[in-house]
Amino acid sequence: MTFSPDLEARFEKLVASYPEGRTRSAVIPMLMYAQDELGAVTPELVAEVAKRCKVPPIQVEEVIGYYSMLHRKPQGKYHVQVCTNISCLLVGGEELYHHASKKLGIGHKQTTADGIFSLEEVECMGACSWAPAVEIDYTFHHHVTPEKLDQLLDGLKKPQ
Amino acid sequence: MLFNEPHPLETRVLTKRMHEPGYNGTVEAYERYGGYKQFLKAVEMTPDDIIGEVKTSNLRGRGGAGFPTGMKWGFVPRQSSKPKYIVVNGDESEPGTCKDRVLIENDPHLLIEGCLIAARVVGAERGYVYIRGEYRYLIDIMERAIDEAYRAGWLGQNIKGTGINFDLRAHSGAGAYECGEESALLESLEGKRGNPRIRPPFPAVAGLYASPTVLNNVETFAAVPSILEMGGKAWADLGIEKAGGTKLTCLTGHFNKPGVYELTLGFPVEKMINEVGGGVRGGRKMKAFIPGGSSCPVLTGDEAWPLTMDYDSMAKAGSMLGSGGVILMDETTDMVKAALRIMHFYAHESCGWCIPCREGTAWLKKLLTRLDAGSGSARDIDLVGDLAKNMLGRTFCPLGDAAALPTMSIVKKFRHEFEAKLSRPVSVPVTSPDQLVSLG
Ligand SMILES: Cc1cc2nc3c(=O)[nH]c(=O)nc-3n(C[C@H](O)[C@H](O)[C@H](O)COP(=O)(O)O)c2cc1C
Ligand code: SF4
Ligand code: FES
């Protein structure tokens, strides 16, 4: 498999980041970064990561189901994560999640028909003092109201 | 970036630089404000002297368990022929906690200097900053800071001619609360599923790659340079007896001014809520108070008001200081729903390794769902309390206790709310919509 030059450079650095014979340590970060480029963890990617980290493919397979951020199916172009854990719940996180669900017409871990958005109700993501919080891909949004969320989503939907 | 206004009652030790106008957290800025000087001082000190200062400072682990840091560092067998490792716990997933983010985002070199000092103590030549996957932008910030530190000669071989070698890398997690537990984190760092290990041996003796490892929370490492700068005694004196220094405290929930504030250990709860946090939102009454993350037993408002924010005070009141994630619930809060949401989290995050936790959290979630929906029976309330009690102390790692403790306390202290729901078929929302808008 070939990746973008950036990802190739990252892989090279990752493999060199751990002591001799410990390249298994690179498996999870590699899957995370490659998934961002490929959209999902594909069977070819599993084989490739296994080869580059010098581990049997089963050792790559077994982590995929364990970690909530690794996924075998592609998500939407924008992955919208709404926290409903306790600190967010107290200030409207649940209402915000329902609002997002209604607006996008999809539920937890679903993707819109046009593939632009996917939605996930997530656990605490470390924004509790600035709740309710939403993370779209890797960007945090704080003190989010339904109106602010509408603006965010509408802004993303517009062709750039 | 700082996400909330500072408060004059804060005592800025770890966060002092980031509040300077124009401070941008680069290596140049960090050096300009005296950065990396404490590492050079540490090089002149013996490892035992450094451990001595950390012990004198009364620094206790800021990840939640509050274990004395100096003592932990003393457990590392420095004479062992195995390589030693430094591991930073930046998993920050305890609901209510968002403080390590503030440190890494605004002053990443402070963390690097803390790691360097720990490396100097135990003779480690490698370290890893394990950061939760959701914090990708922080991983990027950390990587940039590490690159800068290499370029400036603060990482790598023969650092500033001291003969000390130290390599540091940021490492991405991939979404799993359990990986914040130290032994599960080490498994994850080795590329495996985050199932916890049997202890002993503790990480100090057999941690990463079965080698001696110093594993601490981000804030714990970040505290070390200021301890050497001020001296252990002066640092201890900032706090109270047996709990030195300051703690980054996350005010969350029904505060007028939620935010992350650096407060001295032993800070009065009343002052923290009414002055730093601007009071309970809407001038309402405080119904419940969680001192440090959702794993802590819940206190009633009446119980919490007279307390101080430190380990002993919270333990005496039947809770814990925990991670610094304060969760305040005002009188409009539906405690059954809060209990359900908390259990939903633990059931989701249970790694499934041991049966009491895997089955217990799933069953508790089912019962609480029923009670919240108004279709439970009085027996269900007792069952929730009994089940949680039976989990306590019977699970492989502390996640089981973390699920049981808040649940038991809510059932015990807010039983009337569970009973009131037995006859009420529809669940009321946890907050009314008008409260939502007030935050803007
Ligand atoms: C389920 C569970 C989750 C935890 N999550 C974290 C975490 O996110 N960050 C953290 O620093 N410690 C966490 N801890 C505590 C760690 O196990 C460990 O005590 C801590 O990292 C040690 O560092 P310290 O002594 O500096 O606090 C967690 C513990 C448990 C049982
Ligand atoms: S207590 Fe829960 S999280 Fe901990 S090992 Fe058992 S199943 Fe896993
Ligand atoms: S509870 Fe939502 S970010 Fe922490």
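Guide: One definition to start: a salt bridge here is a side-chain nitrogen of Lys or Arg within 4 Å of a carboxyl oxygen of Asp or Glu. Keep in mind that this is a predicted model.

Visitor: How many salt bridges are there between chain A and chain B?
Guide: Side chains of opposite charge can pair when their charged atoms come close. Take B:Asp147 and A:Lys13: their closest N and O atoms are 3.9 Å apart. The cut-off is 4 Å, so this pair counts as a salt bridge. Between chain A and chain B the count is five.

Visitor: How many residue pairs are in polar contact across the interface of chain A and chain B?
Guide: This count uses pairs of N or O atoms within 3.5 Å. Both residues must be at pLDDT 80 or more.

Visitor: Which helix gives the most to the side of chain A that touches chain B?
Guide: Several helices of chain A supply at least two residues each to that side. They are H1 (5-15), H2 (27-38), H4 (57-64), H5 (86-89) and H6 (93-104). With five residues, the one that gives the most is H2(A).

Visitor: How many residues on the side of chain A that touches chain B are nonpolar?
Guide: Chain A brings 48 residues to the contact, and chain B brings 69. The residues on the side of chain A include twelve polar and ten charged. The nonpolar ones number 26.

Visitor: Which residues of chain A lose the most area to chain B?
Guide: The size of an interface is often given as the accessible area lost when the parts come together. Chain A and chain B bury about 5000 Å² between them, 57% of it on carbon and sulfur atoms. Three residues together make up 15% of what the side of chain A buries. They are A:Tyr66, A:Leu90 and A:Trp130.

Visitor: How many helices and strands does chain A have?
Guide: Read the elements from the N terminus on: α-α-α-α-β-α-α-β-β-β-β-α. The C-alpha atoms of chain A fill a box of roughly 50 × 35 × 25 Å along the principal axes. The tally for chain A is seven helices and five strands.

Visitor: How many residues apart are A:Glu8 and A:Arg52?
Guide: These two form a salt bridge, with the closest N and O atoms 2.9 Å apart. A:Glu8 sits in helix H1 of chain A, and A:Arg52 in helix H3 (residues 43-53). The pair links distant parts of the chain, and the two residues are 44 residues apart.

Visitor: How much of the accessible area of ligand 1 does the protein cover?
Guide: An oxygen atom of ligand 1 is 2.7 Å from a polar backbone atom of B:Gly63. A polar side-chain atom of B:Asn216 lies 2.8 Å from an oxygen atom of ligand 1. On its own, ligand 1 has 610 Å² of accessible area, and the protein covers 90%.

Visitor: Which strand gives the most to the shell around ligand 1?
Guide: In total, 19 residues surround ligand 1. They divide into four nonpolar, eight polar and seven charged. With three residues, the strand that gives the most is E4 (residues 213-217) of chain B.

Visitor: Which residues are closest to ligand 2?
Guide: The shell around ligand 2 has eight nonpolar, four polar and one charged residues. That shell holds 13 residues. The closest are B:Cys351, B:Trp353, B:Cys354, B:Cys357 and B:Cys397.

Visitor: Where is A:Pro132?
Guide: Most residues other than glycine have a negative phi, and most peptide bonds are trans. The bond that joins A:Ala131 and A:Pro132 is cis, with omega about -5°. A:Pro132 lies in the loop between strand E3 (117-122) and strand E4 (134-136) of chain A.

Visitor: Where is B:Lys160 found?
Guide: B:Lys160 is not a glycine, yet its phi is positive, about 50°. Look in chain B, in the loop between helix H7 (136-151) and strand E3 (167-172).

Note on methods: Residues are numbered from 1 along each chain as its sequence is written. Chains are lettered from A and ligands numbered from 1 in the order in which they are written. This is a predicted model: local features need pLDDT of at least 70, side-chain atom pairs count only at pLDDT 80 or more; totals for chains, interfaces and linings use all residues. Side-chain values use heavy atoms; hydrogens and water are left out. Contact means heavy atoms within 4.5 Å. Buried area is the accessible area (1.4 Å probe) that two parts lose on being put together, summed over both. A polar contact is a pair of N or O atoms within 3.5 Å; within protein, one must be able to donate a hydrogen and the other to accept it, and residues adjacent in sequence count only if both atoms are side-chain atoms. Helices (H or I, at least four residues) and strands (E, at least two) are DSSP runs, numbered from the N terminus. Ala, Val, Leu, Ile, Met, Phe, Trp, Tyr, Cys and Pro count as nonpolar, Asp, Glu, Lys and Arg as charged, and the others, Gly among them, as polar. A residue is near a molecule or strand if one of its heavy atoms lies within 4 Å of it. Accessible areas come from the Shrake-Rupley method with a 1.4 Å probe; for residues, only the protein chains shown count as cover.
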